[in-house]
Amino acid sequence: MSEYFLSLGRDDQREVLEIASAAMGRSAHLLEKDVWVVLALSALYAEGSPLANAPTGQARDALAEDYALMVADDVMVGKALAFDDLMRACSTLEQQINSV
(Lines give C-alpha, C1' and ligand atoms only; values in the text may rest on other atoms or scores of the structure.)
Protein backbone atom coordinates (compact mmCIF):
# COMPACT_ATOMS: atom_id res chain seq x y z
CA MET A 1 0.00 0.00 0.00
CA SER A 2 2.79 2.45 0.88
CA GLU A 3 4.57 1.74 -2.39
CA TYR A 4 1.35 2.47 -4.31
CA PHE A 5 0.93 5.74 -2.43
CA LEU A 6 4.45 6.81 -3.38
CA SER A 7 3.80 6.02 -7.04
CA LEU A 8 1.08 8.71 -7.10
CA GLY A 9 1.80 12.30 -8.04
CA ARG A 10 2.09 14.79 -5.17
CA ASP A 11 -1.40 16.25 -5.84
CA ASP A 12 -2.94 12.77 -5.82
CA GLN A 13 -1.08 11.93 -2.62
CA ARG A 14 -2.50 15.07 -0.98
CA GLU A 15 -6.00 14.15 -2.13
CA VAL A 16 -5.70 10.60 -0.78
CA LEU A 17 -4.44 11.95 2.55
CA GLU A 18 -7.30 14.45 2.81
CA ILE A 19 -9.91 11.78 2.04
CA ALA A 20 -8.37 9.41 4.57
CA SER A 21 -8.07 12.22 7.10
CA ALA A 22 -11.77 13.04 6.82
CA ALA A 23 -12.76 9.38 6.99
CA MET A 24 -10.53 8.52 9.97
CA GLY A 25 -10.62 11.78 11.89
CA ARG A 26 -6.82 11.93 11.96
CA SER A 27 -4.48 14.65 10.78
CA ALA A 28 -3.32 14.28 7.18
CA HIS A 29 0.31 14.95 8.19
CA LEU A 30 0.16 12.06 10.66
CA LEU A 31 -1.25 9.74 8.03
CA GLU A 32 1.58 10.70 5.69
CA LYS A 33 4.03 10.05 8.51
CA ASP A 34 2.48 6.60 8.89
CA VAL A 35 3.27 5.85 5.24
CA TRP A 36 6.92 6.76 5.81
CA VAL A 37 7.08 4.77 9.04
CA VAL A 38 5.74 1.68 7.27
CA LEU A 39 8.32 2.07 4.50
CA ALA A 40 11.14 2.59 7.00
CA LEU A 41 10.09 -0.42 9.07
CA SER A 42 9.78 -2.53 5.94
CA ALA A 43 13.35 -1.64 5.00
CA LEU A 44 14.58 -2.17 8.55
CA TYR A 45 13.05 -5.61 8.85
CA ALA A 46 13.74 -6.75 5.28
CA GLU A 47 15.55 -10.05 4.92
CA GLY A 48 19.23 -9.62 5.63
CA SER A 49 18.83 -6.33 7.50
CA PRO A 50 20.09 -6.13 11.05
CA LEU A 51 17.30 -5.70 13.56
CA ALA A 52 17.54 -2.35 15.28
CA ASN A 53 14.55 -1.12 17.27
CA ALA A 54 16.05 1.78 19.15
CA PRO A 55 17.03 4.69 16.87
CA THR A 56 19.93 6.96 17.76
CA GLY A 57 21.16 10.41 16.79
CA GLN A 58 19.10 12.40 14.31
CA ALA A 59 16.69 9.50 13.75
CA ARG A 60 15.91 9.46 17.47
CA ASP A 61 15.43 13.24 17.51
CA ALA A 62 13.05 13.09 14.54
CA LEU A 63 11.12 10.25 16.13
CA ALA A 64 10.83 12.22 19.38
CA GLU A 65 9.30 15.13 17.46
CA ASP A 66 6.83 12.82 15.66
CA TYR A 67 5.95 11.10 18.92
CA ALA A 68 5.24 14.46 20.58
CA LEU A 69 2.92 15.35 17.68
CA MET A 70 1.08 12.04 18.01
CA VAL A 71 0.62 12.61 21.74
CA ALA A 72 -0.54 16.19 21.09
CA ASP A 73 -3.01 14.99 18.43
CA ASP A 74 -4.33 12.44 20.93
CA VAL A 75 -3.80 9.48 18.57
CA MET A 76 -2.22 7.24 21.18
CA VAL A 77 -4.37 4.43 22.53
CA GLY A 78 -4.45 4.54 26.31
CA LYS A 79 -1.83 6.37 28.35
CA ALA A 80 1.25 7.10 26.24
CA LEU A 81 4.62 6.25 27.71
CA ALA A 82 7.12 9.06 28.08
CA PHE A 83 9.35 9.01 24.98
CA ASP A 84 12.51 8.16 26.92
CA ASP A 85 10.73 5.26 28.64
CA LEU A 86 9.56 3.99 25.25
CA MET A 87 13.10 4.17 23.86
CA ARG A 88 14.47 2.27 26.87
CA ALA A 89 11.85 -0.44 26.29
CA CYS A 90 12.78 -0.61 22.59
CA SER A 91 16.47 -0.87 23.45
CA THR A 92 15.80 -3.70 25.90
CA LEU A 93 13.68 -5.51 23.31
CA GLU A 94 16.38 -5.02 20.65
CA GLN A 95 19.01 -6.56 22.94
CA GLN A 96 16.78 -9.52 23.82
CA ILE A 97 15.89 -10.26 20.21
CA ASN A 98 19.43 -9.91 18.89
CA SER A 99 20.81 -12.18 21.62
CA VAL A 100 18.79 -15.14 20.33
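Of the 100 residues in the protein chain, 22% are buried, where buried means under 20% relative accessible area, exposed means over 50% and partly exposed lies in between, with a 1.4 Å probe and protein chains only. The model is predicted, so local features need pLDDT of at least 70 and side-chain atom pairs count only at pLDDT 80 or more, while totals for chains, interfaces and linings use all residues. Residues are numbered from 1 along each chain as its sequence is written, and side-chain values use heavy atoms, with hydrogens and water left out.

The protein chain has five helices and zero strands, and its elements run α-α-α-α-α from the N terminus. Helices (H or I, at least four residues) and strands (E, at least two) are DSSP runs, numbered from the N terminus. Among contacts in the protein chain with a separation of 6 or more, 50% join residues 24 or more positions apart, a contact being heavy atoms within 4.5 Å.

The largest nonpolar core has seven residues: Phe5, Leu8, Leu17, Ala28, Leu31, Val35 and Leu39. Helix 3 (residues 28–44) gives the most to this core, with four residues. A second, separate core of six residues includes Leu30, Tyr67, Met70 and Cys90. A nonpolar core is a set of buried Ala, Val, Leu, Ile, Met, Phe, Trp, Tyr and Cys residues joined through side-chain atoms within 4.5 Å.

Helix 2 (residues 10–24) contains serine 21, and both glutamine 13 and arginine 14 are also found in helix 2. Glutamine 13 is buried, at a relative accessible area of 7%. Its side chain reaches the backbone oxygen of phenylalanine 5 at 3.1 Å, and a polar contact of 2.8 Å joins the side chains of glutamine 13 and arginine 10. A polar contact is a pair of N or O atoms within 3.5 Å; within protein, one must be able to donate a hydrogen and the other to accept it, and residues adjacent in sequence count only if both atoms are side-chain atoms. Leaving out residues up to four places away in sequence, glutamine 13 touches Phe5, Leu6 and Leu8.

Arginine 14 is partly exposed, with a relative accessible area of 41%. Its C-alpha atom is separated by 8.2 Å from that of alanine 28, 14 residues apart along the chain. Serine 21 is buried at 14%, and a polar atom of its side chain lies 2.5 Å from the backbone oxygen of arginine 26. Not counting residues up to four places away in sequence, serine 21 touches Arg26, Ser27, Ala28 and Leu31.

Helix 4 (residues 57–72) has 16 residues and reaches 23 Å from its first C-alpha to its last, close to the 22 Å expected at 1.5 Å a residue; the expected span is 1.5 Å times one less than the number of residues. Just after helix 4, aspartate 74 takes a positive phi of about 60 degrees.

A search of the whole structure finds one aromatic pair. The rings of tyrosine 67 and phenylalanine 83 have centres 5.6 Å apart and planes at 55 degrees, so the pair is tilted. Rings of Phe, Tyr and Trp (its six-membered ring) pair if their centres lie within 6.5 Å; planes under 30 degrees apart count as stacked, over 60 as edge-to-face and the rest as tilted. Because tyrosine 67 lies in helix 4 and phenylalanine 83 in helix 5 (residues 83–98), the pair ties together parts that are 16 residues apart in sequence. Tyrosine 67 is buried at 8% relative accessible area, and phenylalanine 83 counts as buried at 12%.
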